[in-house]
Amino acid sequence: MSPSGRVRWAVLVAVLALLLAPLAGTAAAADKPSVKLSKSQAGTGSSITVSGDGWRERALLMILICGQAVPSRGVPGGTNSCANADGRAVTTDSQGRFSRKLPVAEPPVPCPCVVHVATVTGAKAEADAIFQVAGHAVEPLPAESDGGRLSVLTDTRLDGSGGLLTWFGAPPARTLVFTVGNVGTSAVKNPVFQVGTAHGVFAPQWEEQQWRGTIQPGKKARLELPVELTGGAHGAYTVSLKYGGKVLAEQPWDVGRPWGVTLFWILVCLVVPAALFRIGMAVVDRVRPRPAGGIRHRGLRLPELALRLPGFKPSTAAHAATPTSTLPWFTPDADPGAAGGRLSAPHDDSPTSPTTPTREGSP
């Protein structure tokens with residue numbers, strides 16, 4: 001290749017390197033988020049500006065001042081060693097950057113201190129920056145144990161499903177399944193884990209659960225820990241696993257709404273008004289004024305109805321129950337049928353009638 005061609009290739013390579021450098025820097029920043037502080041030391045009551053780069057776009061972050069921590073070890077005590085009441089939340093922009101003012105407050109444990117930034121939802125990411133709270137006590141960090149240490153080797157998952165009772169508001173329950181390995185130098189016997197459940201952006205509620213067994217150095221074990229929520233819980237939840245004060249894994253859990261409870265209240269809203277309406281109508285029917293005579297009749301009486309049915313002969317009791325009206329020209333005393341016991345018209349009882357001719361010789 002001629003010298004002029006070599007020069008052209010060198011210039012082309014240099015131009016490509018300059019063009020790809022920003023992209024490579026952005027990718028590196030995205031792999032490892034960073035945090036910067038406007039001041040490395042400040043007293044209680046003042047404030048500092050916390051800025052960051054390389055975070056996930058539109059991510060919700062929590063900014064805290066934590067004690068007994070250094071960036072190389074993170075925050076061993078978890079958020080229990082942080083000034084949680086004075087923390088601030090911030091959302092990154094489309095470039096994964098943020099800037100937020102943070103009030104300076106003393107953490108509940110001595111320094112060395114850091115400004116701890118971590119994601120609240122989604123993929124877990126965190127970063128720390130050294131910070132000194134002026135006037136706050138400083139003590140050496142607790143010694144890191146050289147014994148057994150557990151590390152999650154596989155992704156966590158939630159086994160199980162809901163049933164009919166869950167559909168009607170029973171507590172949803174699952175089993176957190178994962179595999180851990182002992183990366184320390186001594187065996188871990190009956191480890192105690194902390195399982196936390198968080199709803200949305202709220203802090204998790206931790207519950208200690210002990211696994212019975214021993215994990216030798218360099219060995220691994222498959223663990224199953226029960227997880228249960230409160231009755232009627234629904235929405236987006238996050239299940240976290242913590243061991244030795246350090247969060248090992250997080251697993252999202254989308255809990256369905258208990259529609260059976262909603263159906264129950266809909267039925268209550270329909271049945272109760274209908275029952276109250278029926279009770280009210282019964283009360284009104286009982287307390288309304290009675291007609292003259294003190295007896296109320298609804299429609300036809302039974303004897304009258306029997307008399308109107310074709311082919312039906314009412315009984316004597318029905319006739320007795322039916323009141324008879326007396327003709328105006330008859331009275332009980334003047335009734336011709338009262339004496340003879342007959343109600344028919346009077347007639348001649350003679351064997352022959354004057355108007356009827358008789359034959360001779362007839363008996």
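Which residue lies over the face of Trp 259? Arg 257 does, at 5.7 Å from the ring centre; a charge counts as over a ring if NZ of Lys or CZ of Arg is within 6 Å of the ring centre and within 35 degrees of the ring normal. Please keep in mind that this is a predicted model, where local features need pLDDT of at least 70, side-chain atom pairs count only at pLDDT 80 or more, and totals for chains, interfaces and linings use all residues. Residues are numbered from 1 along each chain as its sequence is written, and side-chain values use heavy atoms, with hydrogens and water left out.

**Aromatic rings**

- Five aromatic pairs turn up in a search of the whole structure (rings of Phe, Tyr and Trp, the last by its six-membered ring, with centres within 6.5 Å; planes under 30 degrees apart are stacked, over 60 edge-to-face, the rest tilted).
- One of them joins Trp 55 and Phe 98 edge-to-face, at 6.3 Å centre to centre and 70° between the planes.
- Trp 55 sits in the loop between β3 (47–53) and β4 (60–67) and Phe 98 in strand β6 (residues 98–103), so this pair ties together parts 43 residues apart in sequence (strands are DSSP runs of E, at least two residues, numbered from the N terminus).
- Trp 55 and Phe 98 are both buried (under 20% relative accessible area, with exposed over 50% and partly exposed in between, using a 1.4 Å probe and protein chains only).
- Trp 167 and Phe 168 are also edge-to-face, because their ring centres are 5.2 Å apart and their planes stand at 85°.
- Trp 167 is partly exposed at 37% relative accessible area, and Phe 168 is partly exposed at 44%.
- A single aromatic cluster is made up of Phe 178, Phe 193 and Tyr 243.

**Around Trp 206 and Ser 240**

- Lys 242 lies over the face of Trp 206, 4.1 Å from the ring centre.
- Trp 206 is also among the contacts of Ser 240, along with Gln 194, Val 195, Gly 196, Ala 249 and Glu 250, leaving aside neighbours within four places in sequence (contact means heavy atoms within 4.5 Å).
- Ser 240 belongs to strand β17 (residues 235–243) and counts as buried, at 4% relative accessibility.

**Lining of the second largest pocket**

- By class, this lining has nine nonpolar, six polar and two charged residues (Ala, Val, Leu, Ile, Met, Phe, Trp, Tyr, Cys and Pro are nonpolar, Asp, Glu, Lys and Arg charged, and the others, Gly among them, polar).
- β13 gives the most to the lining of the second largest pocket, with five residues (a pocket is an open set of points on a 1 Å grid over the protein atoms alone where a 1.4 Å probe fits, with protein on both sides within 12 Å along at least five of seven lines; lining residues have an atom within 4 Å of a point).

How values were computed. Helices (H or I, at least four residues) and strands (E, at least two) are DSSP runs, numbered from the N terminus.
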